[in-house]
Amino acid sequence: MEERLKSLKKAMKSTTFKEINFTDEHREKAHKQIVQMQSIDLIADIFPLLIEEKTGTEITQLLHMKGIKVIHLNEGIVYTTLHEAEQNGYLDAYWNEDGEKFYKLSKKGLKTLQKQSQLQKKQLSLKPLLQEVTTNGQ
């Protein structure tokens, strides 16, 4: 840790967090929330990009264009996410002769994307009905 950060941490302990006691449970909850904030929504963010095959670099560039903030600080998370999706059978991948790895949705990934899309459509179509019911009930 940089010296500036160490000094800031020490100052925070003696002022802002002086009366707060962080337990291991608090640290674990904070860590989980940070991990959740740093994750990429695989189905919503990446799967639609992989209907046609792309390299990790192309996917990263497209996520930048979509404004996915998580990758601004850690582009490696894209490759970690792709690797996990490949290991779980959602993506097919291969290396070409130039050493580039290409990714594309597998049948399982495509089915997952289609189910998610149908679910979103149902949620959207129920919204007006729910609004109507709550409006009539009042």
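Here is a short walk through a hairpin and the charged side chains of this structure. The model is predicted, so local features need pLDDT of at least 70 and side-chain atom pairs count only at pLDDT 80 or more, while totals for chains, interfaces and linings use all residues. Residues are numbered from 1 along each chain as its sequence is written, and side-chain values use heavy atoms, leaving out hydrogens and water.

Let us start with strands E2 (residues 91–95) and E3 (residues 101–105), which run antiparallel and are joined by five bridges. Strands here are DSSP runs of at least two residues, helices (H or I) of at least four, numbered from the N terminus; two strands pair if DSSP finds at least two bridges between them. Tyrosine 94 stands opposite phenylalanine 102 in E3. Five residues lie between the strands of this hairpin, where glycine 99 takes a positive phi near 85 degrees.

A salt bridge means a side-chain nitrogen of Lys or Arg within 4 Å of a carboxyl oxygen of Asp or Glu. Because lysine 101 lies in strand E3 and glutamate 86 in helix H6 (residues 76–87), the pair ties together parts that are 15 residues apart in sequence.

By this rule there are two salt bridges. Arginine 27 and aspartate 24 also meet in a salt bridge (3.5 Å, N to O). These two are three residues apart in helix H2 (residues 24–38), so about one helical turn separates them.
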